[in-house]
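Subject: A structure for you to explore

Hi there,

Here is the structure I promised to pass on to you.

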Amino acid sequence: MSEIAQIISLPKVEDPRGNLSFIEYGPGGRCPFEIERVYWVYDVPAGRVRHGRALCNTREMIVAMSGSFVVRLDDGRGNRQTVNLTRSDTGVVVEPGTWRELTDFSTNSVAMVLASAPYDADEYIEDYRQFTDSRL
């Protein structure tokens, strides 16, 4: 099985104000793309899957800001990968055209998602069957 996503190590957030400049794109930053959008996913009830979808042209980096959760990835061609994220020590980069789901959130978990493009509803494939059919 091949790796689908790039895992990036992140330093511990030492700034009590939560300064995230260490994650930015460019010199000294850790994000491998220019950040055009940031949003949060938080405290999903146990056993629920959140944000099951693929983006056509947008890269994402997902970071656990508190708690822990699982990112399940699928390239639609039989390659699957599961990444366990915990409080800000790693981030996972999701390439365009990769199905991803967030699940198994611990209580009070918060995920920060950085995206390489602004929101565009036409970018989203939210039906897994449609996603896998488009890969054939």
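Please keep in mind that this is a predicted model.

The largest cavity has a volume of about 50 Å³. Among the residues lining the largest cavity are Arg37, Leu55, Thr58, Glu60, Pro118, Tyr119 and Asp120. What kinds of residues make up the lining of the largest cavity? Six are nonpolar, one is polar and four are charged.

The second largest cavity holds about 40 Å³ of space. Its lining includes Arg53, Ala54, Leu55, Glu60, Glu95 and Arg100. Strand β3 (residues 50-55) gives the largest share of that lining, with three residues. By type, the lining of the second largest cavity divides into three nonpolar, two polar and four charged residues.

Next, the sheet. Five strands make up an open sheet, in the order β6-β5-β8-β3-β10, and their pairing is antiparallel. β6 (80-86) and β10 (124-125) stand at the edges with a single partner strand each, so one side of each has no neighbour in the sheet. Further in, five bridges join the antiparallel strands β5 (residues 68-74) and β8 (residues 99-103).

Now for the charged side chains, which form five salt bridges in the structure. One of them is between Glu60 and Arg53, at 3.1 Å from N to O. Are these two residues buried or exposed? Glu60 counts as buried because its relative accessibility is 2%, and Arg53 is buried too, with a relative accessible area of 4%.

Glu60 also forms a salt bridge with Arg100, where the closest N and O atoms are 3.0 Å apart. This pair links distant parts of the chain: Glu60 is in strand β4 and Arg100 is in strand β8, 40 residues apart. Arg100 has a relative accessibility of 1%, so Arg100 counts as buried. Through shared partners, salt bridges join Arg53, Glu60 and Arg100 into one network.

Another salt bridge joins the side chains of Glu95 and Arg59, at 3.0 Å from N to O. Glu95 sits in the loop between β7 (90-94) and β8, while Arg59 sits in the loop between β3 and β4 (60-66), 36 residues apart. Glu95 counts as partly exposed, because its relative accessibility is 30%.

Enjoy exploring!

Best wishes

Definitions and conventions
Residues numbered from 1 in each chain as written. Predicted model: local features only at pLDDT ≥ 70, side-chain atom pairs only at ≥ 80, totals over all residues. Heavy atoms only, no water. 1 Å grid on protein atoms, 1.4 Å probe; cavity = no way out; pocket = protein on both sides within 12 Å on 5 of 7 lines; lining within 4 Å. Points joined across faces, edges and corners; volume = space filled by probe spheres on them. Nonpolar A, V, L, I, M, F, W, Y, C, P; charged D, E, K, R; others polar. Helix = DSSP H or I, 4+ residues; strand = E, 2+ residues; numbered from the N terminus. Pairing = 2+ DSSP bridges. Salt bridge = Lys/Arg side-chain N within 4 Å of Asp/Glu carboxyl O. Buried < 20%, exposed > 50% of the residue type's maximum accessible area, 1.4 Å probe, protein only.
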